[in-house]
Amino acid sequence: MPDWKNGTAEYTLSARYSVWKDVIRGKHDILFGVMTGKVKVRGSVFKLMLQLKTPEIMLQQMRAMDTRFPDELAQGQPAQVAPARDGQ
């Protein structure tokens with residue numbers, strides 16, 4: 001069974017902090033990030049594509065939460081809640 005802690009996950013995603021903020025806010029999705037090279041996939045891209053609905057469901061839940069980013073709190077900016085996207 002895959003285990004991300006031991007380096008045996010089927011895939012892992014990595015990106016810059018600013019990219020993850022855009023993903024959480026709904027400005028980009030994971031597939032867009034992968035296709036543009038902003039989100040790096042380590043492991044099986046094929047498995048990611050087959051399971052893409054699962055990360056999108058998690059993102060949908062995160063987008064519904066009151067999200068406060070540390071860099072924005074330091075600047076005194078209010079929290080931003082990303083609007084739910086149609087069909088999601």
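Predicted model: local features only at pLDDT ≥ 70, side-chain atom pairs only at ≥ 80, totals over all residues.
Residues are numbered from 1 along each chain as its sequence is written, and side-chain values use heavy atoms, with hydrogens and water left out.

The chain contains five helices and two strands, arranged from the N terminus as β-α-α-β-α-α-α. These elements are DSSP runs numbered from the N terminus (helices: H or I, at least four residues; strands: E, at least two). Of the 88 residues, 23% count as buried, where buried means under 20% relative accessible area, exposed over 50%, and partly exposed in between (1.4 Å probe, protein chains only). The chain exposes about 6300 Å², of which carbon and sulfur atoms supply 58%; areas come from the Shrake-Rupley method with a 1.4 Å probe, and for residues only the protein chains shown count as cover. Taking contact as heavy atoms within 4.5 Å, 62% of the contacts between residues at least 6 apart in sequence join residues at least 24 apart.

In soluble globular proteins, nonpolar side chains tend to be buried together. Here the largest nonpolar core has 11 residues, among them Tyr11, Val19, Ile30, Val39 and Phe69. Such a core is a set of buried Ala, Val, Leu, Ile, Met, Phe, Trp, Tyr and Cys residues joined through side-chain atoms within 4.5 Å. Helix H1 (17-24) and helix H2 (30-36) are the elements that give two or more residues to this core, and H1 gives the most, with three.

Strand S2 (residues 39-43) includes valine 41, which counts as partly exposed because its relative accessibility is 23%. Beyond residues up to four places away in sequence, valine 41 touches Tyr11, Thr12, Leu13, Val34 and Leu48. Its C-alpha atom is separated by 6.7 Å from that of serine 14, 27 residues apart along the chain.

What of the aromatic rings? The count comes to one aromatic pair, with rings of Phe, Tyr and Trp (its six-membered ring) pairing if their centres lie within 6.5 Å; planes under 30 degrees apart count as stacked, over 60 as edge-to-face and the rest as tilted. Tyrosine 17 and phenylalanine 69 form this edge-to-face pair, at 6.2 Å centre to centre and 85° between the planes. Tyrosine 17 lies in helix H1 and phenylalanine 69 in the loop between helix H4 (53-63) and helix H5 (70-74), so the pair ties together parts 52 residues apart in sequence. Phenylalanine 69 is buried, at 6% relative accessibility, whereas tyrosine 17 is partly exposed, at 41%.
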